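Subject: Structure handover

Dear colleague,

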Amino acid sequence: GRRLSEFQIARLQQEGTRARYDIETGYRGTFRLPSELIPQIRRGVILETACGPGDNLLYLRSSNVQNPMIGLDISYSMARSLRQKSDRDSSRILAVLGDASKLPIKSDSISSVMQFNAFDRIAMLRNMAEETGRVLKRDGVVIYGSCEPPQYEYERGGTRVVYVPTDQRITPAEAITISVRLTTSRQDYPWNITTLLDGSEDLTTRVYVGEKPSILETNSLLL
């Protein structure tokens, strides 16, 4: 039969990941936003894409960050878990089922966007970076955390597994450039995760911070 394209394989893998997390009960170890980066959060709405069970947003709320918050994930069970935790703790976090590469959010409406360790599992990665830039306000901040190096594909049992098609592959630094143009910092942090498929893993997450220029800063770049 006809071979699937890279894009079709990546989309199938993304759906497989979503389905796995829909039944995942052993997931532990969400990468937590480092406390020293909390002051980078702007006033206004915070959006975390690929938020999983919402541990980062709940952590921010427990750290007395009172901004309106939205957690978006492609997995129904993850979005439901965030909603249940938010309702139980009266955290007032809006849980949304959706795709980071096609955000159901108005342009120029978000002050801070976060995403951690889903970077190399989003098939339309360039679209994700563009969408982040679209929804982010001027002077807004984006924080990307990604395993280093990103694992866009690998082989398992002799089968090539593609998560991100070749023409969509960008580095986190390139994603920052697409989203907001300016990277202000990057730092490596340890991360331990436990899943049913892979067990416990000790990994490194590199966190990038970028800022969207203000109108005045943008005008200063013109000749």
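In what follows, a helix axis is a line fitted to C-alpha atoms over the stretch in contact, and the angle between two axes runs from 0 to 180 degrees between their N-to-C directions. Please keep in mind throughout that this is a predicted model.

With that in hand, the axes of α4 and α5 come within 7 Å and cross at roughly 40°. Because angles under 35 degrees count as roughly parallel and those from 65 to 115 as roughly perpendicular, α4 and α5 are oblique to each other. The crossing in which α4 passes α5 is right-handed, and the residues that meet are Arg126, Ala129, Glu130, Thr132 and Gly133 in α4 with Ala175, Ile178 and Ser179 in α5.

Helix α4 covers residues 125–135, and its buried residues are Leu125, Met128, Ala129, Glu131, Thr132, Gly133 and Val135. Among the elements that cover these buried residues are β1 (46–49), β4 (110–116), β5 (136–147) and α5 (172–180).

The largest nonpolar core has 28 residues, of which Leu47, Ile110 and Leu125 touch the most other members. At least two residues of this core come from each of β2 (69–73), β4, α4, β5 and α5, and α4 gives the most, with four residues. Apart from this core lies another one, of 25 residues, including Leu37, Ile93, Trp191 and Val207. Leaving out residues up to four places away in sequence, Leu125 touches Phe119, Tyr152, Val164, Gln168 and Ile170.

The loop between β4 and α4 holds Asp120, which counts as buried because its relative accessibility is 9%, and buried means under 20%. The side chains of Asp120 and Arg121 are joined by a polar contact of 3.4 Å. When neighbours within four places in sequence are set aside, Asp120 is in contact with Pro150, Gln151, Tyr152, Tyr163 and Val164.

The contact is made by Asp55, Leu57 and Leu58 of α2 together with Leu82, Lys85, Ser86 and Asp89 of α3.

With best wishes

Key. Residues numbered from 1 in each chain as written. Predicted model: local features only at pLDDT ≥ 70, side-chain atom pairs only at ≥ 80, totals over all residues. Heavy atoms only, no water. Buried < 20%, exposed > 50% of the residue type's maximum accessible area, 1.4 Å probe, protein only. Contact = heavy atoms within 4.5 Å. Polar contact = N/O pair within 3.5 Å; in protein donor to acceptor, adjacent residues only side chain to side chain. Core = buried A, V, L, I, M, F, W, Y, C linked by side-chain atoms within 4.5 Å. Parallel < 35°, antiparallel > 145°, perpendicular 65-115°, else oblique. Left-handed = near helix turned anticlockwise from the far one by under 90°.
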